[in-house]
Amino acid sequence: MSTIRPYRSALYIPGSKDRALDKAQTLATDAIIFDLEDAVAPDEKIAARALLVQTLAKADYGRRAKIVRVNGLDTEWGADDVAAFVGSDIDALLIPKVSTPEDLDAVADLTPDVPLWAMMETALGMLNATSIAAHPRLAGMVMGTNDLAKELNSRFRADRLPMQAGLGLCLLAAKAHNLTIIDGVYNAFKDDEGLRAECEQGRDMGFDGKTLIHPAQLEIANTAFAPSEAEITLAQRQIEAFNAAQAAGQGVAVVDGKIVENLHIVTAQATLAKAKAIEAQS
Ligand code: COA
Ligand code: MG
């Protein structure tokens, strides 16, 4: 099972955008990814880092998970980005373009204890997903579907057929190592229907949530990745029916014509725990 903390929505905010950084204190997002990498232009990188350090020291982001996406260590900014957040009150450092577990070792050596998250967005990263997920410092994965599409030379398709192999490999690796895993962004931020369909696809596959680029996308992701009323009610009924069956000396129950075994109860309890965590978040 994935973590109890909800990660339905993870909103990227360019570290250079003062107004957006401020606004995020009141947005209904489960996590914020403060970006110093691709959303920040080269000549703004150093100022953005300073602004972000300053903002994180004074702003109140409440229960929202605070994740900082640094530049890669193969750039002129990466090492200083990592150093700037040593000892700061953040939930994770997100490392871009992780292709091997050694990419994570290099960051881990520079920072003693903050959990690391990996951007999964290179072809090599997909093939090494298992060993990356096994890294002792790794706590989460984020799909970087734009970079992956660029490497694959694949085209956008609403069904994301070209992405399926990579998404599936990373999901398997994340689940095998009990990591949080968040789906990639939906670029067309005014296309609500397209976003909803992609959220539902990612949810059905097992992702914990979706990375987002605009506040207008929050509600759709938050709804898609939360258990629905019907799912909550069904989970409660399954637990009741299973308890009653056990009390009667039976190992399985039947609800709505479907078998309910011990393993379904684990899922039902996870659904209720998730609903509770979401309630606590809002
Ligand atoms: N986080 C927080 N607030 C955001 C935001 C974000 N990602 N994107 C927009 N906003 C805010 C704006 O500051 C603005 O607030 P205001 O009304 O108080 O001024 C409001 O939402 C409306 O913004 P809008 O005018 O619709 O957006 P835009 O045209 O200025 O910007 C984008 C559109 C896509 C450039 C912008 O949303 C963005 O930079 N997104 C993040 C991109 C990113 O981080 N990419 C890296 C990962 S893929
Ligand atoms: Mg990327």
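**Charged pairs, metal site and sheet**

A: In this predicted model, Asp 38 and Lys 97 form a salt bridge in which the closest N and O atoms are 3.4 Å apart. The two residues come from distant parts of the chain, 59 residues apart: Asp 38 is in the loop between β2 (31-35) and α2 (45-58), and Lys 97 is in the loop between β4 (92-95) and α4 (101-108).

Q: What is the general idea behind such a contact, and how many salt bridges does the count come to?

A: Side chains of opposite charge can pair when their charged atoms come close. Here the count comes to 18 salt bridges.

Q: With which other residue does Lys 97 form a salt bridge?

A: Lys 97 forms a salt bridge with Asp 147, with 3.7 Å between the closest N and O atoms. This pair also links distant parts of the chain, since Lys 97 is in the loop between β4 and α4 while Asp 147 belongs to helix α7, 50 residues apart.

Q: How is the contact between Lys 150 and Asp 147 to be read?

A: Lys 150 forms a salt bridge with Asp 147, the closest N and O atoms being 3.7 Å apart. Both residues lie in helix α7, 3 residues apart, which is about one turn of the helix. Lys 150 counts as exposed because its relative accessibility is 65%, the cut-off being over 50%. Through shared partners, salt bridges join Asp 35, Glu 37, Asp 38, Arg 69, Lys 97, Asp 147 and Lys 150 into one network.

Q: Which residues are the protein donors of the magnesium ion?

A: The magnesium ion (ligand 2) has Glu 121 (OE) and Asp 147 (OD) as its protein donors, at 2.0 to 2.1 Å. Glu 121 lies in the loop between β5 (116-120) and α5 (123-127) and Asp 147 in helix α7 (residues 145-152), so the pair ties together parts that are 26 residues apart in sequence. Both Glu 121 and Asp 147 are buried.

Q: How does strand β6 pair with β5 and with β7?

A: For a strand, one reads the direction of pairing and the bridge partners. β5 and β6 run parallel and are joined by 5 bridges; β6 and strand β7 (residues 180-183) also pair in the parallel sense, over 3 bridges. Met 141 of β6 is the bridge partner of Ala 118, and Met 141 in turn has Ile 181 in β7 as its bridge partner.

Q: Is strand β6 mostly covered or mostly exposed?

A: In a regular strand the side chains alternate between the two faces of the sheet. Strand β6 (residues 138-143) is mostly covered, with 5 of its 6 residues buried.

Q: Which residues make the nonpolar surface patch?

A: Leu 124, Leu 127 and Leu 169 make a nonpolar surface patch of about 300 Å². Of these, Leu 124 is placed in helix α5, and its relative accessibility of 44% makes it partly exposed.

Q: How is the chain as a whole to be described?

A: The chain has 12 helices and 10 strands. Its radius of gyration is 20 Å, close to the 19 Å that the globule rule gives for 282 residues, so the chain is as compact as a globular protein of that length. Of the 282 residues, 49% count as buried.

Technical notes:
Residues are numbered from 1 along each chain as its sequence is written. Chains are lettered from A and ligands numbered from 1 in the order in which they are written. This is a predicted model: local features need pLDDT of at least 70, side-chain atom pairs count only at pLDDT 80 or more; totals for chains, interfaces and linings use all residues. Side-chain values use heavy atoms; hydrogens and water are left out. Donors are N, O and S atoms within 2.8 Å of the metal (3.2 Å for Na, K and Ca); water is not among the atoms, so sites may look incomplete. Helices (H or I, at least four residues) and strands (E, at least two) are DSSP runs, numbered from the N terminus. Buried means under 20% relative accessible area, exposed over 50%, partly exposed in between (1.4 Å probe, protein chains only). Patches are made of residues with over 30% relative accessible area and no salt bridge: like charges are joined within 9 Å, nonpolar side chains (Val, Leu, Ile, Met, Phe, Trp, Tyr) within 5 Å. Accessible areas come from the Shrake-Rupley method with a 1.4 Å probe; for residues, only the protein chains shown count as cover. A salt bridge is a side-chain nitrogen of Lys or Arg within 4 Å of a carboxyl oxygen of Asp or Glu. Two strands pair if DSSP finds at least two bridges between them. The radius of gyration is taken over C-alpha atoms; the globule rule is 2.2 Å times the number of residues to the power 0.38.
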